[in-house]
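Open the structure in your viewer and keep the sequence panel beside it. Each stop below says what to select and what is there.

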Amino acid sequence: TQSTRPQRMLAAVHNNATRGDPRSVVKAIDQFCRQKEWAMNIGDEKGCILDSVVSEVNPAMVLELGTYCGYSTVRIASQLPPHAKIITLEFNPQNAAVARQIIAWAGLGEKIKLIEGSSGDWIPKLKEQFGVDTFDLVFLDHWKDRYLPDTKLMEECGLLRKGSILLADNVICPGTPEYLEYIRNSPRYKSQYFKSHLEYTRVEDGLEKSIFLG
Ligand SMILES: O=C(NCCCCc1cc2ccncc2s1)c1cc(-c2ccc(F)cc2)cc(O)c1O
Ligand SMILES: [Mg+2]
């Protein structure tokens, strides 16, 4: 039967990356996406901005909405301090299965909790199910029309504290106009736009970093 693009990406990781070496996993995926098949990972250019935000925040608790194949999950987890954790939500079971194997190959399974399901269902359950208090960093990279409702949901569920950072991918392409309008005009957030490009292309895209003021 025909393989899927995530399965071909996983094969590229197995063939070209060193087990237990997250940086080689990231490099193998970027090479696959540049030389073989485009895929919707955050990519190397926006990935460097993600890296700088993670190292600045030095988070103990991270939430990622939209795992896909685990590329950004590996980038984030490889920079977390000891005992820090990332919870990542993925809607598509096939993608989640590939992400689990890419995360395992990178040797980061201990730091990462991958949940299969939708953000709308799971955000209200994170405190009771996983003993989460608040998140220091949230990376939004799932359905673009869910960024705003899920941000409001996280506020309502008490998952954000004064100083929590939201980092949103694709605010230009595919675009998240309602989210940008809200977050840039809300007195409860301080926002900053990081101009970049859509992964592996010259198309403009960028990341929006927002601090929750409480
Ligand atoms: O859709 C994108 N990403 C979300 C996939 C939706 C997966 C979900 C995860 C999850 C977890 C929990 N609850 C609900 C959901 S839904 C996406 C698309 C492009 C793109 C850009 C230009 C193109 F021409 C074609 C695609 C680029 C990107 O960087 C993306 O992130
Ligand atoms: Mg994205």
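**Stop 1: two helices in contact**

Select Pro22, Val25 and Ile29 in H2, which meet Ile102, Trp105 and Ala106 in H5; contact means heavy atoms within 4.5 Å. By class, this contact of H2 with H5 has six nonpolar, no polar and no charged residues. Ala, Val, Leu, Ile, Met, Phe, Trp, Tyr, Cys and Pro count as nonpolar, Asp, Glu, Lys and Arg as charged, and the others, Gly among them, as polar.

Before going on, note that this is a predicted model, in which local features need pLDDT of at least 70 and side-chain atom pairs count only at pLDDT 80 or more, while totals for chains, interfaces and linings use all residues. Residues are numbered from 1 along each chain as its sequence is written, chains are lettered from A and ligands numbered from 1 in the order in which they are written, and side-chain values use heavy atoms, with hydrogens and water left out.

Helices (H or I, at least four residues) and strands (E, at least two) are DSSP runs, numbered from the N terminus. Two packed helices are described by the angle between their axes and the distance between the axes. Axes are lines fitted to C-alpha atoms, for helices over the stretch in contact, and angles run from 0 to 180 degrees between N-to-C directions. Now show all of H2 (residues 22–35) with H5: their axes cross at roughly 135 degrees and come within 8 Å. That makes H2 oblique to H5. Angles under 35 degrees count as roughly parallel, over 145 as roughly antiparallel, 65 to 115 as roughly perpendicular and the rest as oblique.

**Stop 2: the sheet**

Stay with H5 (residues 93–106), which lies across strand E2 (85–90) and E3 and runs at about 165 degrees to E3. Next, colour the strands. In what order do the seven strands of the open sheet lie? The order is E3-E2-E1-E4-E5-E7-E6, with mixed pairing; two strands pair if DSSP finds at least two bridges between them. At the edges are E3 (112–116) and E6 (189–197), each of which pairs on one side only.

Select E4 (residues 135–140) and E5 (residues 160–168), a parallel pair with five bridges. Phe139 stands opposite Leu167 in E5. E7 (residues 204–212) is largely enclosed by the rest of the structure, because seven of its nine residues are buried. Buried means under 20% relative accessible area, exposed over 50%, and partly exposed in between (1.4 Å probe, protein chains only).

E6 and E7 are antiparallel, with nine bridges. In their hairpin, six residues lie between the strands, and Tyr200 takes a positive phi near 65 degrees.

**Stop 3**

Asp141 is in the loop between E4 and H8 (147–156), and Asn170 is in the loop between E5 and H9 (171–175), so the pair ties together parts that are 29 residues apart in sequence. Asp141 counts as buried at 14% relative accessibility, and Asn170 counts as buried at 3%.
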